[in-house]
Amino acid sequence: MKQAGSSQENFSWKYRIQRGIRDFNKWTVFTVLILLFIAVPVITIFFKLFDGPGESWEHISKYLLADYLKNSLYLAILCSLITLIAGVFSAWVVTRFEFPMRTYLEWLLIIPLAIPGYIMAYAYAGFFDYGGIFSWLLSPFGIENFKLDMMNVIGLSFVLGISLFPYIYVSARAFFLTQALNLLEASRLLGVSETKSFFKLVFPLARPAIVAGLVLVLMEVLNDYGAAEYYGVNTFTTGIFRSWFSLEEPETAIYLSALLLSIVFVLIILEKYQRRKLQYTSPKSGRTSIDYRIQFNRPKQLVLTLLVSLPVLLGFIIPVIQLVQWSVRTFSEVFNQDLLWLSLQSFGIAFAGACFTVLFALLLLYFSKWNKIYSVQSASKLGVLGYAIPGAVVAIGIMIPTLSLDKNFIDWGWASKFIINGTLIALVYAYVVRFLAVAYQPLESSSLKVNSSIPDSSKILGMGNFKTFFKIEFPLLKAGMLSAFILVFIDILKELPLTLILKPYHINTLAVNAYGYASDEMVMHASIPSLFIILTALIPVIVLNKLLLKNG
Amino acid sequence: MKNIVFLLLVFTVLVGCKNDSKSSDETTLNQLNVYTHRHYDSDKQLFEMFEKETGIKVNVINSKADELIQKMVLEGEQSPADVLITVDAGRLHMAKEKGLLQPVKNTAVIDSILSPNLVDKDYEWIALTKRARILVYAKDRIDPTELSSYEDLVLPKWEGKLLFRSSSNIYNQSLMASIVANDGEDIAKKWAQGMVKNQARKPKGNDRDQVKAIAAGEGDIAIVNTYYVGKMLNSNDRVELEAADKVGVFFPNQKDRGTHINISGIGIAKHSPNPEAANQLIHFLLNEEAQKVFALSNYEYPVNPSVENSEILKAWGDFKEDSLHLNLLGELNKKAVILFDEAGWK
């Protein structure tokens, strides 16, 4: 493989084009079509890069940019550390060892994701504030009026890290669950310790899965606005909003977004380039999964329980305690039957959105695989970039093309009013564009594990692409698909700017309800809808976790 | 499993299409589409009252003003928006500049209720409620007779004592714009630099957090909006109540131009499908009944002078308002932000 690859690199452009024409097939067309559909909003924004920034660019680069870059960098590094440690460690422990409460912790570890970042930020600031719960807990020890200041870069990294580590946990666990165990068994039989086997063997093997999760974490961290604004930490995204809203220059805002986009794109390419020669497929013998777990003695098991409980405590229990305390105080004002109806609507929208997003991620992944032109395959990575841009900017990217379509429909007499904007079509389209990355990353990393010789032999034996896919790859991909679905579902459930701008009048979600209170500094009132978001997220997480284990 | 997935999909699609299938002209006349930045329960109550009174159904899109304005720009002539409601004058001015608004009718009625600085010169937007940006101080540490104006906060005696939030906040931007308008650019920039020099900590948190920080002793004087103090005094959170109890309220610049005020206001969309109903809504929101709801449930100052303030606001007493025309806040907003950045106000 390697030899063939290196000799091909010398070939001229002419040959490449000839080869391109030879390899062209219908999948190339489908890939390009799907890619266009998904990437139009992103491309719309990307092309603004060539328009250049507005006149306030000089002002921003002179007074603000250095601070923005420094803070974003800090944030990215600290969050990577926190999420990697919490995510990889807990995923490995729950798949490899047996200990009390394991089955509960397995799905509780996903839940921190359901708490919107800005709510997590409010909850932690409140928890550690003067007169907050933490200071109350300390008061019996004679420490009065204690305050731990969360409102700085470190506090922000902690809050974002602890709410985002499930991205890494989910994709790493999906990998570990279906990971070929015979290598690990061989290593253990040859006398290598469990710890060493993990770092030398399992961790490197799991790299695509872990990186897939990390990319999501970084994109989310870079475009966070609510939490960063409240904590007074100025990041790149602060700059985007400052130039858009305060300096009244959308073109500079879009320029900044496009810059951010390019940085993320370069990171993705670098990672791909660095691992391109490595093969990540399962051994020929097919799929083996972890069907038994190591059982230590009781005290050691309890230590494991405690260790794995730590991320759950920080990412779920503490914020929920704070939210519950607030909701008790605001219960009479906020709680009404509308909340149940809101939960139902949120559930429906998130469900439909997640179905479409996973579907499009699958289509993009496999169509680009079946197409034989390499550059088209690489280009399909463009589809995931929607996740790196702040939602409010994506909304602009969505509205520009869809509104012009809508206006044309009216001009041509096909419609009397907007039929895409202001309906669920625009909203679901926006979700697909924004969250494609969330579905694509776990799908891609689990598709890498499918040894290509299995579908290849199927195709040699005369099966078509589709039949091979449904008979062979689909069953092998189930774990990845379920992970993808859970993540997208939760993400849509808490999503804000897109839903606010694009939702139809008669649709309302829990996230919109919570935001309405929080934006008016009524954080306590936002606690009840936030708790409902968590409850709504619990149902699919528990159900799908069962399915995941059954299929694992 | 597959069946459940299918059923749920069908259900969502049906919910989504429920209202869209109904068309077209008759329904528009009985509907009013409101783009609003206000998320308050008082507004919900008012829209319900309006629906009952007129039979016109109010549809609400809630978002940040900037995003709503951007949406209206992109939607252009076919925009379904009838009215735009914001929480500051600057954004209404921006919408006007972008050609998104149209003049309100029955200007005589409006002139009879509102003072002229609260209405756009071309009647393209009008104020609904007022908020004052005031000082709060630690009752046990600060003698209020030592306080006087926004400008005096930069005096060396307040070093390490001031609390304020980020310059990204629109209320701070409007305050800065009013200082630029009243004192000029140079003084305004020096003022911002002096404020940064006297700050007790880096700007962070929201208005309520500034009050809490005074109570905790992190600083002694903070700049906040009146209605947040009102809400804290009526909070069901013990910590907020205690904090609000520890601070005194001071209306600055009473000896000269008056305290800076900002508004929450409304304008009719240029391409409104139902301008009649939009005008109806504006007059409804200005009448005494509606203004009472604003005043009582949200601790805002009503713009209709025949409506009384809420008890808490009455207890703070009357004050002199800066009569600067609010159009200027919009015009100078960008300048204000640039000066903030140059002065290093984060």
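This section describes the two chains of a predicted model, their contact and selected local features.

Chain A contains 25 helices and two strands. Its C-alpha atoms occupy a box of roughly 75 × 75 × 50 Å along the principal axes. The radius of gyration of chain A is 24 Å, which agrees with the value near 24 Å for a compact globule of 552 residues. Of these 552 residues, 51% are buried. Among the contacts in chain A with a separation of 6 or more, 85% involve residues 24 or more positions apart.

Chain B contains 16 helices and 10 strands. Its C-alpha trace spans about 65 × 60 × 40 Å along the principal axes. For 346 residues a compact globule would have a radius of gyration near 20 Å, and the 22 Å of chain B agrees with this. Buried residues account for 52% of the 346 residues of chain B. Of the contacts in chain B between residues at least 6 apart in sequence, 79% connect residues at least 24 apart.

The contact between the two chains draws on 52 residues from chain A and 48 residues from chain B. On the side of chain A that touches chain B, at least two residues each come from helix 4 (57-63), helix 13 (226-230), helix 14 (236-246), helix 16 (298-334), helix 17 (338-370), helix 19 (391-411), helix 23 (497-502) and helix 24 (510-518) of chain A. Helix 19 of chain A makes the greatest contribution to this side, with seven residues. In terms of residue class, the side of chain A that touches chain B comprises 28 nonpolar, 15 polar and nine charged residues.

One residue that touches both chains is G422(A), which has contacts with P504(A) and P80(B) when residues up to four places away in sequence are not counted. G422(A) is located in the loop between helix 19 and helix 20 (424-448) of chain A. This residue has 21 C-beta neighbours inside 10 Å and therefore counts as buried. Although G422(A) and P504(A) are 82 residues apart in sequence, their C-alpha atoms are 4.6 Å apart in space.

Within chain A, helix 17 packs against helix 22 (residues 465-494) at an angle of about 140°, with the axes 9 Å apart. Helix 17 of chain A is therefore oblique to helix 22 of chain A. The crossing of helix 17 of chain A past helix 22 of chain A is right-handed. From helix 17 of chain A, the residues that meet helix 22 of chain A include S346(A), I349(A), A350(A), F351(A), G353(A), Y366(A) and W370(A). The residues that they meet in helix 22 of chain A include N465(A), F469(A), M481(A), F485(A), F489(A) and L493(A). The contact of helix 17 of chain A with helix 22 of chain A involves 16 nonpolar, four polar and no charged residues.

In helix 21 (residues 453-460) of chain A, by contrast, the number buried is zero of the eight residues, so helix 21 lies largely in the open. After helix 21 of chain A comes G462(A), whose phi is positive, near 100°.

In chain B, helix 9 (residues 207-215) and helix 10 (residues 226-233) cross at roughly 65°, and their axes come within 9 Å. Helix 9 of chain B passes helix 10 of chain B in a right-handed crossing. The residues of helix 9 of chain B in this contact are D207(B), R208(B) and V211(B), which meet Y228(B), V229(B) and M232(B) in helix 10 of chain B. By class, the residues of this contact are four nonpolar, no polar and two charged.

Elsewhere in chain B, T107(B) belongs to helix 6 (residues 107-113). T107(B) counts as partly exposed because it has 13 C-beta neighbours inside 10 Å. The C-alpha atoms of T107(B) and Y123(B) are 7.4 Å apart in space, while the two residues are 16 residues apart in sequence.

Conventions
Residues numbered from 1 in each chain as written. Chains lettered and ligands numbered in written order. Predicted model: local features only at pLDDT ≥ 70, side-chain atom pairs only at ≥ 80, totals over all residues. Buried ≥ 20, exposed ≤ 12 C-beta atoms within 10 Å, placed from the backbone. Helix = DSSP H or I, 4+ residues; strand = E, 2+ residues; numbered from the N terminus. Contact = placed C-beta atoms within 7 Å. Nonpolar A, V, L, I, M, F, W, Y, C, P; charged D, E, K, R; others polar. Axes fitted to C-alpha atoms, helices over the stretch in contact; angles between N-to-C directions. Parallel < 35°, antiparallel > 145°, perpendicular 65-115°, else oblique. Left-handed = near helix turned anticlockwise from the far one by under 90°. Rg over C-alpha atoms; globule rule 2.2 N^0.38 Å.
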